[in-house]
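I opened a new notebook page for this model. The entries below follow the order in which I looked things up.

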Amino acid sequence: MSRRRTRKPAICHIGTALLALWLAGGAARAADSVTAAFASSLTAVPAEAATVTGAVYVPVYSSVAMTPGRIQADFSVTLSIHNASEQRPLIIRRINYYDTAGALVEAHLPAPVALKPFATIEIFVPTKDTRGGTGANFVVDWAATGEIAEPVVEALMVGGIGAGHYAFISQGRPIRQIGR
């Protein structure tokens, strides 16, 4: 007789913990969890004024229509923000999550944080949180006190239907004003 083993994916534990934190204390506590969860990736925000700023737009998909109007797949989303600089801290001023209609779903930072060189922080949206919908996105505002490598910002979506599992990445794009 064969025994079936069930595995609990590690990523589910992270998502469950963040969802429980959000439900227990609201968005402000979830935002504080970013600084607590990634304390080893952070450093003090520089006292000197930022001279370089930028913003990154990252399209994400908390849900995807698999067939028109019939089957929808829900995905977890992991947004990763990487400081690509070897020498300078990267200041993260805003991490906002928007839905398909462009409405703010959640602001993830109560105050700016600074990433150490080559450090990373992440925001996790659990599979069951479909508030973003099929056209969700993140906007990340960043700054630095001098010349710096542009940050790498991307999202990993993971989900499945039945026995089929899917994973894909969406890369962030710098927000640049065009015209005139």
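Entry 1, whole chain. I began with contacts (heavy atoms within 4.5 Å). Among contacts in the protein chain between residues at least 6 apart in sequence, I found that 75% join residues at least 24 apart. I note that this is a predicted model, where local features need pLDDT of at least 70 and side-chain atom pairs count only at pLDDT 80 or more, while totals for chains, interfaces and linings use all residues. Residues are numbered from 1 along each chain as its sequence is written, and side-chain values use heavy atoms, with hydrogens and water left out.

Helices (H or I, at least four residues) and strands (E, at least two) are DSSP runs, numbered from the N terminus. The order from the N terminus on is α-β-β-β-β-β-β-β-β-β-β-β-β.

For burial I used relative accessible area: buried is under 20%, exposed over 50%, and partly exposed in between (1.4 Å probe, protein chains only). Of the 180 residues in the protein chain, 37% are buried. The accessible surface of the chain comes to about 10800 Å², and 54% of that belongs to carbon and sulfur atoms. Areas come from the Shrake-Rupley method with a 1.4 Å probe; for residues, only the protein chains shown count as cover.

Entry 2, strand 4. Strand 3 (residues 63-67) runs antiparallel to strand 4 and is joined to it by four bridges. These two strands form a hairpin with three residues between them, and Gly-69 in the turn has a positive phi of about 70 degrees. Ile-71 in strand 4 is the bridge partner of Thr-67.

Strand 10 also pairs with strand 4 in the antiparallel sense, over eight bridges; there, Ala-155 is the bridge partner of Leu-79. Strand 8 (residues 120-125) is antiparallel to strand 4 as well, with six bridges, and I found Thr-120 of strand 8 opposite His-82.

Ile-71 has a relative accessible area of 41%, so I logged it as partly exposed. Together with Met-66, Ile-161 and Tyr-166, Ile-71 makes a nonpolar surface patch of about 320 Å².

Is Thr-145 buried or exposed? Its relative accessibility is 13%, so Thr-145 counts as buried. Thr-145 lies in the loop between strand 9 (137-144) and strand 10 (152-161). Its side chain is joined to that of Arg-88 by a polar contact of 3.4 Å. For polar contacts I took a pair of N or O atoms within 3.5 Å; within protein, one must be able to donate a hydrogen and the other to accept it, and residues adjacent in sequence count only if both atoms are side-chain atoms. Leaving aside neighbours within four places in sequence, the contacts of Thr-145 include Pro-46, Glu-48, Thr-51 and Ile-91.

Asn-96 is in strand 5 (residues 90-98) and is buried, because its relative accessibility is 10%. A polar contact of 3.3 Å links the side chains of Asn-96 and Tyr-98. Beyond four places in sequence, Asn-96 touches residues including Leu-104, His-108, Asn-137 and Val-139.

I found Asp-129 in the loop between strand 8 and strand 9. With a relative accessible area of 12%, Asp-129 is buried. The side chains of Asp-129 and Arg-131 make a polar contact of 2.8 Å. Ser-62 is 67 residues away along the chain, yet its C-alpha atom is 7.4 Å from that of Asp-129.

Technical notes: Patches are made of residues with over 30% relative accessible area and no salt bridge: like charges are joined within 9 Å, nonpolar side chains (Val, Leu, Ile, Met, Phe, Trp, Tyr) within 5 Å. A salt bridge is a side-chain nitrogen of Lys or Arg within 4 Å of a carboxyl oxygen of Asp or Glu. Two strands pair if DSSP finds at least two bridges between them.
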